[in-house]
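The following paragraphs lead the reader through a protein structure, from the meeting of its parts to single residues. Please keep the sequence and the model in view while reading.

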Amino acid sequence: MNYYYENDMFRLEGVSKEHTISDIDIYIGKGILKNTSYYVQKRNLGKKCLIVADNNTYHAAGMKLSEILNRGNIETDVCLLRDRENERIEADELAIGQVMMSLEPEPDFLIACGSGVINDITRFVSFITKKPFVSIGTAASMDGYTSVTSPMIFDRKKVHRHGSAPKILVLDTEVLKNAPTELTVAGFGDVYGKYIAKADWLLSNITTGEEVDKQALSLITQALAKLTDNVEEIRNATDEGLKAIIEGLILAGITIFTTGQTRAVASVEHNQGHIWETRMLEAEKPYALHGTAVGCSTGYYLRMYEYFKKIDISSLDREKAKHRILNREAFRKQVVKCFGESFLSVLEKSNKCLNLTEEDFENHYNSIVNNWDKIIKVLDFLPSWDEYKNIYKKFGQTIHAEEIGIPTDLLTYTLPYSTFYRDRYDFVFVMNILGVIEDITEKTLKDYQKEK
Ligand SMILES: [Zn+2]
């Protein structure tokens with residue numbers, strides 16, 4: 001499947017004539033914010049709206065947006081989310097309460113003017129109040145613009161709540177390029193991580209026969225190519241560069257829509273990012289942006305994939321590997337250091353990989369060994385760790401987890417066991433089956449030490 005533009009609307013070949021996907025209209029382009037009234041009228045969303053913004057996004061786009069809509073005879077009200085000084089605004093009780101209480105006078109529709117958190121908040125309120133919403137993106141920072149779930153904080157814990165997808169999504173590169181560099185680099189990391197997701201999916205296809213959706217894979221491949229072709233442009237925050245990231249993020253979101261799952265866009269690199277976030281939240285410590293964490297996590301796994309490809313499959317000790325993973329008590333003692341006790345107890349109830357039988361082990365092991373040549377061949381497309389490091393150096397972004405706030409001891413345990421975050425087959429799981437994971441983790445951490 002290929003994508004193209006028609007009057008700034010993002011289009012997919014052979015998909016719906018009216019909208020980009022499902023009933024979402026996605027517009028990407030330079031200076032298109034001014035067309036928002038027209039986009040809204042086209043969808044008959046009404047004449048009154050509530051704009052949800054924070055101080056930064058209000059100045060980046062909200063104020064101008066309000067004028068544009070007023071000129072188009074659309075009344076606007078603004079819910080300015082309360083500034084929290086040194087703390088980030090979260091999709092939590094305070095923010096939701098603020099938006100809910102701003103629904104009087106009653107608007108016809110909502111507008112999320114912002115990126116991650118502001119969209120999470122608005123998407124949830126839109127779902128609860130059944131009022132449609134429009135998203136005006138202010139940063140190319142994450143792939144959740146078209147998502148229908150909202151990661152939120154409730155009672156200081158991370159939860160996932162239902163949300164609506166926006167009816168209209170407007171991504172104006174002139175707005176996006178004014179976002180802080182940190183946000184753009186986060187968006188880059190979120191897309192770059194798809195290399196790992198793609199590799200793991202192809203790997204699983206070979207060893208377990210898991211079906212690969214060719215369309216989704218082709219979209220992801222296009223997104224990655226666009227990204228790596230535009231590193232210079234991205235660094236200089238040009239319209240072309242911003243467009244490359246945002247297209248990657250949108251394509252990733254679209255594959256979730258078309259395949260009904262996140263297989264094409266998230267694997268161990270995302271697992272590790274999620275675990276870091278959960279553990280930091282638990283410890284009441286600040287945590288990095290989603291894309292920053294995913295991008296950082298991706299570097300480690302690219303290095304581990306390099307070692308993975310060098311495994312001498314004929315010289316492995318199968319009995320030792322079996323004993324290691326089937327000796328439940330000893331194995332659990334390690335894995336618990338990754339997740340913490342309460343989190344692991346929940347995972348154990350549903351996660352098949354944490355309850356392997358000897359037969360499961362034998363089946364996995366045999367399938368890996370028998371297909372080893374095929375596996376190595378299919379991984380050919382992966383970029384090298386050096387390529388990754390060069391890009392991050394260009395962006396002036398650290399590659400070290402410690403420097404984005406992750407304690408070294410946590411990293412030591414998330415790297416080898418992040419696979420158990422969900423029941424999904426990936427190369428970290430394979431290395432656990434083969435019994436080589438601790439060794440490869442250690443080598444990788446040593447390589448990172450040398451980079452300091
Ligand atoms: Zn992501």
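Between domain 1 and domain 2 the count is three salt bridges, a salt bridge being a side-chain nitrogen of Lys or Arg within 4 Å of a carboxyl oxygen of Asp or Glu. The model is a predicted one, in which local features need pLDDT of at least 70 and side-chain atom pairs count only at pLDDT 80 or more, while totals for chains, interfaces and linings use all residues. Residues are numbered from 1 along each chain as its sequence is written, and side-chain values use heavy atoms, with hydrogens and water left out.

The two domains are domain 1 (3-179) and domain 2 (183-213 + 263-450); such bounds come from an automatic or database domain assignment. Their C-alpha centres are 33 Å apart. Where the domains meet, twelve residues of domain 1 are in contact with twelve residues of domain 2, contact meaning heavy atoms within 4.5 Å. About 1,000 Å² is buried between domain 1 and domain 2, with 45% of it on carbon and sulfur atoms. Buried area here is the accessible area (1.4 Å probe) that two parts lose on being put together, summed over both. Asp143 forms a salt bridge with Lys194, and the closest N and O atoms of this pair are 2.9 Å apart.

The next stop is the metal site. Which protein donors does the zinc ion have? They are Asp190 (OD), Asp190 (OD), His270 (NE2) and His290 (NE2), at 2.2 to 2.8 Å from the ion. Donors are N, O and S atoms within 2.8 Å of the metal (3.2 Å for Na, K and Ca), and sites may look incomplete because water is not among the atoms. The angles among the four donor atoms run from 50 to 137°, and the site of the zinc ion is irregular. Four donors count as tetrahedral if all angles lie between 85 and 135 degrees; four count as square planar and six as octahedral if opposite donors are over 155 degrees apart and all others between 65 and 115; anything else is irregular.

Along the sequence, the donor residues of the zinc ion follow the spacing D-x79-H-x19-H. Asp190 belongs to helix α6 (residues 181-192) and His290 to helix α12 (residues 290-309), so this pair ties together parts that are 100 residues apart in sequence. Helices (H or I, at least four residues) and strands (E, at least two) are DSSP runs, numbered from the N terminus. Asp190 counts as buried because its relative accessibility is 0%, whereas His290, with a relative accessible area of 27%, is partly exposed. Buried means under 20% relative accessible area, exposed over 50%, and partly exposed in between (1.4 Å probe, protein chains only).

Helix α12 also holds Thr298, which is buried at 0% relative accessibility. Leaving aside neighbours within four places in sequence, Thr298 is in contact with Gly189, Tyr192, Gly193, Ile196 and Glu269. Ala112, in strand β6 (residues 109-114), is likewise buried, at 0% relative accessibility. Among the residues that Ala112 touches, not counting those up to four places away in sequence, are Val52, Phe133 and Ile136. In helix α14 (residues 328-339) lies Gln334, which is partly exposed at 28% relative accessibility. Gln334 touches Tyr413 and Tyr417, residues up to four places away in sequence not being counted.

The last topic is charge pairing. Side chains of opposite charge can pair when their charged atoms come close. A search of the whole structure finds 34 salt bridges. One of them joins the side chains of Arg263 and Glu210 (2.9 Å, N to O). This pair links distant parts of the chain, 53 residues apart: Arg263 is in the loop between α10 (239-259) and α11 (268-282), and Glu210 is in the loop between α7 (194-208) and α8 (214-229). Arg263 is buried, with a relative accessible area of 1%, while Glu210 is partly exposed at 23%.

Another salt bridge is that of Lys389 and Glu451 (3.0 Å, N to O). Lys389 lies in helix α18 (residues 385-395) and Glu451 in the segment after α21 (437-450), so 62 residues separate these distant parts of the chain.
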